[in-house]
Amino acid sequence: MSNISKPVPSRKEIKLDPKRYIVSKTDTTGKIVYGNDYFTEISGYKESELIGQPHNILRHPDMPKAIFKYLWDNIKEGKDVFAYVKNLCKDGGYYWVLAHVRMAKNPDGSFRNYVSSRKRVKNEATKKLIGNLYANEYIQKADIASKMALSERQLQRKVKALIDEKPMDMLRDYRLERAAMKLKDGYQVGIVSDTSGFSSVSYFGSCFKKKYGVSPKQYQNLNKK
């Protein structure tokens, strides 16, 4: 693992594809253990540069430390967190995302990793508002909880407004992307359905075919390693 020096931030904003997710996973210490192709594409780093590095190499200096304290305090308790994040790219550029961060567990309930699924914040006014709030160096965890973290009551409306997608649609799409990776790795369809959070194999198959155009088994046969 090589040490990476943080770039000097610029005013270049990276435009994100509204239909794609940035996905990364870390261990208990916050070191990156996985990143999808879009993660490496947008960050500007090679996969070999990212694996084993602390996730905070992507932390933009505009982000207050209190944001991440709030995030870590909650996900360590097994709670899902939705938060606005400004990330730093290798070339000094930046991008805004709505991040869904959660703890992933193994079938036996033991810890597997922390997973962050991120999507574009589409509303420019929202990005400006959040940026101004984050500029306050005295921001406290209570401010974040009330203004930045999305309560269940607000979740449906706010997430829809920010990324033009309902929260459950966002979660289902992420689960399907995770399921597709497991199918490529050769896991049985039933196991993939169970470990990806679907209520039944038939529902999983229906959702999967709607997204990918083929059944899980057909997808697996087409992507045999």
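A residue counts as buried under 20% relative accessible area, as exposed over 50%, and as partly exposed in between. The views below show a predicted model.

**View 1. Arg20 and its surroundings.** Arg20 lies in the segment before strand E1 (22-26). Its relative accessible area is 31%, so Arg20 is partly exposed. Leaving aside neighbours within four places in sequence, Arg20 is in contact with Tyr38, Glu41, Arg118 and Lys119. With Glu41 there is a polar contact, side chain to side chain, at 3.4 Å. Arg120 is 100 residues from Arg20 in sequence. In space, the two are 8.4 Å apart, C-alpha to C-alpha.

**View 2. Asn113 in strand E5.** Strand E5 covers residues 111-120 and includes Asn113. The relative accessibility of Asn113 is 8%, so Asn113 counts as buried. Asn113 touches Lys25, Thr26, Arg102, Met103 and Ala104, not counting residues up to four places away in sequence.

**View 3. An aromatic pair, Phe111 and Tyr114.** A search of the whole structure finds 8 aromatic pairs. In the pair of Phe111 and Tyr114, the ring centres are 4.9 Å apart. Their planes meet at 65°, so the pair is edge-to-face. The cut-off for that label is over 60 degrees. Phe111 has 29% relative accessibility and therefore counts as partly exposed. Tyr114, at 7%, counts as buried.

**View 4. An aromatic cluster.** Six residues are shown here: Phe198, Tyr203, Phe204, Phe208, Tyr212 and Tyr219. Together they form one aromatic cluster.

**View 5. Lysines over tyrosine rings.** The charged end of Lys25 sits over the ring of Tyr34, 5.0 Å from the ring centre. Lys25 is also one of the residues that Asn113 touches. The charged end of Lys86 sits over the ring of Tyr94. Here the distance to the ring centre is 4.4 Å.

**View 6. The largest pocket.** This pocket has a volume of about 760 Å³. Among the elements that give two or more residues to its lining are E1, strand E2 (32-35) and helix H1 (37-43). The largest share of the lining, 7 residues, comes from H7. In total, 27 residues line the pocket. Tyr34, Asn36, Glu177, Arg178 and Met181 lie nearest its centre. Tyr34 also carries the ring under the charged end of Lys25.

Conventions. Residues numbered from 1 in each chain as written. Predicted model: local features only at pLDDT ≥ 70, side-chain atom pairs only at ≥ 80, totals over all residues. Heavy atoms only, no water. Phe/Tyr/Trp six-rings, centres within 6.5 Å; stacked < 30°, edge-to-face > 60°. Buried < 20%, exposed > 50% of the residue type's maximum accessible area, 1.4 Å probe, protein only. Lys NZ or Arg CZ within 6 Å of the ring centre and 35° of its normal. Helix = DSSP H or I, 4+ residues; strand = E, 2+ residues; numbered from the N terminus. Contact = heavy atoms within 4.5 Å. Polar contact = N/O pair within 3.5 Å; in protein donor to acceptor, adjacent residues only side chain to side chain. 1 Å grid on protein atoms, 1.4 Å probe; cavity = no way out; pocket = protein on both sides within 12 Å on 5 of 7 lines; lining within 4 Å. Points joined across faces, edges and corners; volume = space filled by probe spheres on them.
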